[in-house]
Structures are given as C-alpha cells and as structure tokens.
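The following exercises are to be worked with the sequence and the coordinates at hand. Each task is followed by a solution in steps.

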Amino acid sequence: MGQIDHRAEVREFLSSRRARITPEQAGLPAYGGNRRVKGLRREEVAMLAGVSIDYYVRMERGNLSGASDSVLDALARALQLDEAERDHLFALARAAGPGPRHRRTTPTTVRPVIQQVLDAITDAPAWVRNGRHDIVAMNRLARALYAPVLADPRRPANTTRFVYLNPAAHEFFVDWDRVANDAAAMLRLEAGRNPHDRALIELVGELSTHSEIFRQRWASHDVQFHRSGMKRLRHPVAGRLDLNFESMELPSEPGLTMNVYTAAPGSPTADALKMLASWAATQDLAEAQPTAPDQG
C-alpha cells in the first residue's frame, strides 16, 4: 500500500453509510417491494440532505472539494452518522480541500514531564499512545500489564499489530473480536485525520497483507471513538483482569492519548493489580542487580 486513494475512501465511506439505512429508517415511503439497491438510493440521500442529485452523485464519486460545513452537516444528518462518523466525514472533506498536502507529524516520544505524570500514577496502569497505536510511554504497572505486547522486540510496540498478527492476543484479550473491531475502526478514523502519515500507511499495508480479518474490518469503513469502557484481559501472571479504562487526549501533546486502567476497590481485579505491582517491582529489582563476576 503505497498511498491512500482519497477519492476511493470518500466513495466507499459514503456508499457504505447509505447502504445501511432503509427508507423506513429515514422516514421515507418504500414504494414497491423490489428495490434494486441496498439501503437508500442516491436521489433519496440528496433529497434528505437538501442538495441536487448531481451534487450528491459528485460527492459520492469521491469529490468533497468545496463542500461547505452546512452541506456536510446536512449530509451527516441524512446518513444518520454518529459522532465519530461525522468527524470522519469532515476529515475527508478537509483532506480534499485546496492547498498543499502537509503530512502531520505523529509523535513517538513524550516530554519528560509527561513521563513524570505517568510515574506518579502508582496504583493503576497508565500509558500514552499516538494515533497509529504505537506505545510511546508507560508507567511501571502498564509495562507489567502489557508484558505480552512488549514481548515483540519491535519498537515502538504497536497494540493493533499485536492484536492482529500475534496469536497470543487471542488469549490475552478475553473479548478479542470486539478489540480487533475497535482497533481497526480507530485506525480508520486516524487515517481520515492524517492520510499522509507514511508510517500509518505502511502499518495498514502490513496488517492487510498478513491478516484476512483485518482486510475485512478495514473494508467495512467503520470508524469509532474509544474513550471509555471495560478491558477484560487474561494476564500470564495476574490472571483474569476486568479493568475500567479512560482515554484522555493530551492538549499539550497533540496527537497523543493517555490511557488509564482502574479496578473497583475491593474487587478481585484490584487485588490482582496489587499482586501485579509487587511482581513488577520484583522484576525491576532483579534487572537492577549487578551480574556476579565470572569466577572461572
């Protein structure tokens, strides 16, 4: 995959969103029982959005250049886009606008103060990722929690690469199928925001080459935010962990997101995290011990 075909991205995203809405869902009469298209017709979307059929056809063929915010808002309402899909539509329109195509730099490191913040969080795994899902910083407990991900010597470690290309991910993530779907949808959202990120294009190419499941998920053009929820893991040391997570964008570090995992006080997972913290401290101590000199 040498580059992302922007017109194809727009075409396939709009057509896939149109195909999932029935006339009944859109509040339109469905004349006859033998519709030749799945979902809404183009002229129905144009009518709902208040634009001409020719204008909508031009947009669905991949040309969003010049589309105003009001037109995009109307199109988002007509296609019943959720917040993440609307964000994606506007990102695709920005990429189609005039002017040079600047590649946004994706951070791969953090300032020392961000690492200090992570290290100050001692009772919860906390780590920072970029939009490609590269892990760029972690605290001690996060390193222990994500030890299976970090076992791959490639750096920066990438959680989506682990999910799709490492068989251990199926054991590590209790809800692997949902995690895999979320990862592809989040990566698709980032591709809309930063379509000229060479490393992102290469990652998508690698995953597409080696994973049929990723190719299927990528082709769905689904996008979503991943702001909070539950992560259920099977850790090789701590066992089953049911963790709440919060994902927070860092305003001082554009493009970076901090993830913090917590457990309900007094729960088995809270006890398991304490045990994991103790194990992590033991591992750090063992690594810090000087190697005994060879007495031979």
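Helices, of at least four residues, and strands, of at least two, are DSSP runs numbered from the N terminus. The model is predicted.

**Exercise 1. Determine which elements line the largest cavity, and which residues lie nearest its centre.**

Step 1. The volume of the largest cavity is about 230 Å³.

Step 2. Its lining consists of 19 residues, and those nearest the centre are Trp127, Thr159, Met186, His226 and Lys231.

Step 3. At least two lining residues come from each of β1, α9 (159-165), α11, β4 and β5. The greatest contribution is that of α11, with 5 residues.

Step 4. By class, the lining of the largest cavity holds 9 nonpolar, 6 polar and 4 charged residues.

**Exercise 2. Describe the second largest cavity and identify the element that gives the largest share of its lining.**

Step 1. The space in the second largest cavity is about 40 Å³.

Step 2. Its lining is made up of Asn181, Ala184, Ala185, Arg188, Arg217, Trp218, Ser220 and Asp222.

Step 3. Both α11 and α13 (212-219) supply at least two of the lining residues, and the largest share, 4 residues, belongs to α11.

Step 4. The lining of the second largest cavity comprises 3 nonpolar, 2 polar and 3 charged residues.

**Exercise 3. Characterise the largest pocket by volume, lining and composition.**

Step 1. The largest pocket contains about 530 Å³ of space. Among its 25 lining residues, Arg129, Glu190, Arg193, Glu249 and Thr257 are the closest to the centre.

Step 2. Two or more lining residues are given by each of α5 (83-95), α11 (176-193), β4 (239-249) and β5 (256-262). Here α11 provides the largest share, namely 4 residues.

Step 3. The lining of the largest pocket divides into 9 nonpolar, 8 polar and 8 charged residues.

**Exercise 4. Is His133 buried or exposed, and which residues does it touch?**

Step 1. His133 lies in the loop between β1 (126-130) and β2 (135-138). These two strands form a hairpin with 4 residues between them, and His133 in the turn has a positive phi of about 75°.

Step 2. His133 has a relative accessible area of 3%. The cut-off for a buried residue is under 20%, so His133 is buried.

Step 3. Leaving aside residues up to four places away in sequence, His133 touches Ala157, Asn158, Thr159, Thr160, Ala183, Met186 and Leu187. The side chains of His133 and Thr160 make a polar contact at 2.5 Å.

**Exercise 5. Identify the buried residues of α2 and elements that cover them.**

Step 1. In α2 (residues 42-49), the buried residues are Glu44, Val45, Ala46 and Ala49.

Step 2. The elements covering these residues include α1 (6-19), α3 (53-60) and α4 (69-78).

Step 3. After α2 comes Gly50, which has a positive phi, near 75°.

Conventions. Residues numbered from 1 in each chain as written. Predicted model: local features only at pLDDT ≥ 70, side-chain atom pairs only at ≥ 80, totals over all residues. Heavy atoms only, no water. Buried < 20%, exposed > 50% of the residue type's maximum accessible area, 1.4 Å probe, protein only. Contact = heavy atoms within 4.5 Å. 1 Å grid on protein atoms, 1.4 Å probe; cavity = no way out; pocket = protein on both sides within 12 Å on 5 of 7 lines; lining within 4 Å. Points joined across faces, edges and corners; volume = space filled by probe spheres on them. Nonpolar A, V, L, I, M, F, W, Y, C, P; charged D, E, K, R; others polar. Polar contact = N/O pair within 3.5 Å; in protein donor to acceptor, adjacent residues only side chain to side chain. Pairing = 2+ DSSP bridges.
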